Amino acid sequence: MDFTVSEKMQAVISMMDEFVDRELIPMEPEVATKTFAEMEPELEKKRDMVKKMELWAPNHPVEYGGMGLSLTEHALVSECLGRSPLGHYVFNCQAPDAGNIEILHLHGTEEQKKRWLVPLVEGRIRSCFSMTEVELPGSNPLLLDTTAVKDGDHYVINGHKWYSTAADGAAFSIVMAVTNPEAPPYLRASMIIVPTDTPGFNLVRNIPVMGHAGDGYFSHGEILFQDCRVPVENLLGPEGHGFVIAQERLGPGRIHHCMRWLGICRRAFDLMCHRAANRPMGNDKTLAHKQIVQAWVAECAAQIQAARAMVLYAAWKMDTLGQKEARDEISGIKFFVANTMEMVVDRALQVHGGLGMTDDTPLAFFYRHERAARIYDGADEVHKVSMGRRILSRYENRTVR
Ligand SMILES: Cc1cc2nc3c(=O)[nH]c(=O)nc-3n(C[C@H](O)[C@H](O)[C@H](O)COP(=O)(O)OP(=O)(O)OC[C@H]3O[C@@H](n4cnc5c(N)ncnc54)[C@H](O)[C@@H]3O)c2cc1C
């Protein structure tokens, strides 16, 4: 494998880095004081600037107006944009739209692409993804209560979902619902496009997360589907193939999150080192003179370096050999990078002392919102157990000397 960064990518990354520093970081204090709706007009201006720079939708297909970068290239981009909580949104490569774009690109009909995919890549609408249910464990998605029953040329959807990220203000949700209850477990559910203005699509609330309910893109919705009728044409892929499509979506989705977390690590690490090097502690010494801080910095640097190498390797493997071959690497980075990020953010916050607890730096935002990294897209434990099981199975009936 060769991780040499091409000249084109070096130019792209340096433009993006500069944009994040110049245009987005100065806006960050507003994230704590304004609603998303209040920030949106300014964010739209930034998005227009990105379009003019031809850096829009880096990971999305060229035919729909994206840059069409490979996963390995997108890893570099995402690390750069992840430094700011606004980065991915302003460049239109944010979850959950990124995953929904992939689904629509791979499984949408021409009509679905025209109606949903095109405006999504253009950034004219937002979307959400509704799989997790309130009453059942998201860790075992086969346990779904939400049903979509055929009635003539419509599906009638009933169910109770939550944690549909960015549901507030989304134009549609891709909903996972049981369409074939008698089929084998993996063929029981389907993905269905549900416009959010359909009667029976009820956004109950934006769930408070660590004390912040948020709004718009910065929120997680609880949704009650009550006799919500959508045309059968809104089915994505063949009926009963919801989990097949979900597997395809979750692989790249997981790797995208890990790439973004590298950016958070980088930002938190830079803030930590800068604070330590400049915080006077008396006797002409700074915090950087304390050995324990030096050890933290070294540990964080080594962890980040390892995490980065693992993410690039997983992306390269997916680019060259496909998702199935990269299953262990994806599981490995999902828990390793999430824990690295948590450790780096925590240490950076500690080094900042009382300042770390305020919203005067982005550390408290990262601390609140990124703790979830160890839970969504497969909890740490689920990835560890399935990765360990796969590895151990390769030792069955095998001689090792
Ligand atoms: C911020 C955030 C955003 C999200 N966005 C979305 C979204 O956009 N769309 C969507 O559909 N869902 C979303 N989710 C939901 C997420 O996918 C689920 O929370 C996740 O799958 C875990 O499911 P659960 O919360 O029901 O926990 P449970 O399944 O009840 O698990 C609870 C805990 O049990 C442990 N556990 C579970 N399985 C095992 C096992 N096999 N072995 C050992 N321990 C185990 C883990 O520690 C786990 O954290 C989001 C969640 C969060 C927090």
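**Close-up 1. The largest nonpolar core of the predicted model.** This core, a set of buried Ala, Val, Leu, Ile, Met, Phe, Trp, Tyr and Cys residues joined through C-beta atoms within 7 Å, has 97 residues, and those with the most contacts inside it are Ile157, Ile192, Ala268 and Val311. Helix α8 (residues 242-278) contributes the most to this core, with 14 residues. A residue is buried if 20 or more other C-beta atoms, placed from the backbone, lie within 10 Å of its own, and helices (H or I, at least four residues) and strands (E, at least two) are DSSP runs numbered from the N terminus. The model is a predicted one, in which local features need pLDDT of at least 70 and side-chain atom pairs count only at pLDDT 80 or more, while totals for chains, interfaces and linings use all residues. Residues are numbered from 1 along each chain as its sequence is written.

**Close-up 2. Domain 1 against domain 2.** The centres of domain 1 and domain 2, taken over C-alpha atoms, are separated by 27 Å. Their contact (C-beta atoms, placed from the backbone, within 7 Å) takes 11 residues from domain 1 and 13 residues from domain 2. On the side of domain 1 that touches domain 2, α3 (36-52) and α6 (97-107) each supply at least two residues, and the largest share, 4 residues, comes from α6.

Terms used
Buried ≥ 20, exposed ≤ 12 C-beta atoms within 10 Å, placed from the backbone. Domains from an automatic or database assignment. Contact = placed C-beta atoms within 7 Å.
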